[in-house]
Amino acid sequence: MENRAQWGTRAGFILAAVGSAIGLGNIWRFPSVAYENGGGAFFIPYLFALLTAGIPLLVMEFTIGHKYRGSAPLSFFRMNKKTEWLGWWAVLVSFVISTYYAVIIAWAISYSIFAFNLSWGQDTESFLFSDYLNLSVDPGQAGSLVPGVLIPLIAVWVITLGVLFKGVKKGIEVANKIFIPTLVVLFLIIVIRAITLPGAAEGLQTFFAPNFETITSGSVWVAAYGQIFFSLSIAFAIMITYSSYLPKKSDITNNAFITGFSNSSFELLAGIGVFAALGFMASQINVPVEEVVSGGVGLAFVVFPQIINEFPALNGLFGFLFFVSLVLAGLSSLISISETYVAALSEKFGLSRTASVGLGGGVAAVISLIFATQGGLYFLDAADYFINQFGVAFVGLVEVIVIAWFVRNLNDFQTHANGISDLHLGGWWKVCLGVITPIVLGYMMFDLFKTNLLGQFETETGNYEGYADTFILFGGWAVAAFAIVVGFLMTLKRWDSKALNETHKEVE
């Protein structure tokens, strides 16, 4: 008899996995990445990347979690004791991301309230940085806490930790059964409204118009793989942890395909909604769509409020729906990110779920306060860039190389997945993980290190965003190094024997 927590239904697992994959990046990163890399033509390398890297990696991580029945560190420990550090590295990366991701969700909560009476006014950029974030200190300085950010941040952590306290079936599964359908319905309403606006057709034409000349550019293919990689929650320790709660008889391969295509479908939906709205905005101020295209925080909290201001009717309601969508997408992802270290702490130290949620979530919540200060945006920007580029992408590269080239477990994983899945894996799966993915991720990492270490940004300091050397050292590189160093230190502690025995060692 297995004592490990399990999902109540297959749908519950899929909704949780999809909820983890669908995050803020789907809405504000994918549309601009697709536009900048060939528009409609970008979907060719994007689909190729999904089939040769995204889904194969999902299958691998689902298999690891299902086979070894543990959090990422425990699963890697059971696979090969020398690889436990890799699981902790991924968990620590997730821990860092959770501390600032919660703050962005807090912004979205505030803006969903601001939307009702359009509190951001006409100068939405000044409102965000000066009035709301109170960004009045230099990079590297914290200043004081900003109440307008702190209060919703507390609410974010109360909701997230409350869900995690409830456990897998009664907490995470129930939350995602509410969040994800609601998110899809809300975003469908937004998209339908956006495509009926004047100028929407021009926006969609700009988004989908294919520039096939870009297909021959290596940077476009790297962008496609990067988008797939970052948007599917791969190498965050999330999918290993979530799949460890699957029943013994679970169709791993089909689950991976459903998760991968659901995520990509939502990205396409987001692209349609965003560019229809951008087309409307361009028509209102009489400029080409290309001049209003934006991505990231600027798209969500500067450009979209401008678009909402121009709405012919019910603009407050439209704004509320948009920012609530960001909140739901963010919460489902934050819950999954936090579950990685909650599960790992529980198993490593033999803690109860309540204790591990309180410890892991409590420490993350306290650290997140630095991002709710007057200088919080600078800390967030640097931490996000370095932990994503030199954490997530690097973990993914090392993970696939260790498993495919050194531990050489792909044959065992293929046998395990094929034994319980309707859709069987063939040689293509091993080629994708053993050759294609390492080459693409390796090139990505080489290019990133070359750019950052050789200072090829066009700034006075040569650093990311022109930040000072000292700030980049402790606000960027040190954050990325923290995940590696603490990950290795965690392996020095022996596993709690009770926790080790209570979870099945392996599903044959």
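This is a predicted model: local features need pLDDT of at least 70, side-chain atom pairs count only at pLDDT 80 or more; totals for chains, interfaces and linings use all residues.
Residues are numbered from 1 along each chain as its sequence is written, and side-chain values use heavy atoms, with hydrogens and water left out.

Helices here are DSSP runs of H or I with at least four residues, numbered from the N terminus. The axes of α6 and α8 (residues 147-166) come within 8 Å and cross at roughly 110°, where axes are lines fitted to C-alpha atoms over the stretch in contact and angles run from 0 to 180 degrees between N-to-C directions. The two helices α6 and α8 are therefore roughly perpendicular to each other, the word for angles of 65 to 115 degrees. In this contact (heavy atoms within 4.5 Å), S98, T99, A102, V103, I105, A106, W107, I109 and S110 of α6 meet G148, V149, P152, L153, V156 and W157 of α8. These residues comprise 11 nonpolar, 4 polar and no charged, with Ala, Val, Leu, Ile, Met, Phe, Trp, Tyr, Cys and Pro counted as nonpolar, Asp, Glu, Lys and Arg as charged, and the others, Gly among them, as polar.

W107 also belongs to the largest nonpolar core, which has 185 residues and in which W107 and F301 have the most contacts. Such a core is a set of buried Ala, Val, Leu, Ile, Met, Phe, Trp, Tyr and Cys residues joined through side-chain atoms within 4.5 Å. Helix α6 (residues 84-114) gives the most to this core, with 22 residues. Beyond its neighbours within four places in sequence, W107 touches residues including Y132, V149, F301 and L380.

A second pair of helices, α9 (residues 168-195) and α13 (residues 252-285), has axes that come within 8 Å and cross at roughly 35°. The crossing of α9 with α13 is left-handed, and among the residues that make the contact are F187 and V191 of α9 and F266 and L269 of α13.

R353 lies in helix α16 (residues 353-367) and is partly exposed, with a relative accessible area of 23%; buried means under 20%, exposed over 50%, and partly exposed in between, for a 1.4 Å probe and protein chains only. R353 and F165 are 188 residues apart in sequence but 6.9 Å apart in space, C-alpha to C-alpha.

Terms used: Angles under 35 degrees count as roughly parallel, over 145 as roughly antiparallel, 65 to 115 as roughly perpendicular and the rest as oblique. A crossing is left-handed if the near helix is turned anticlockwise from the far one by less than a right angle, and right-handed if clockwise.
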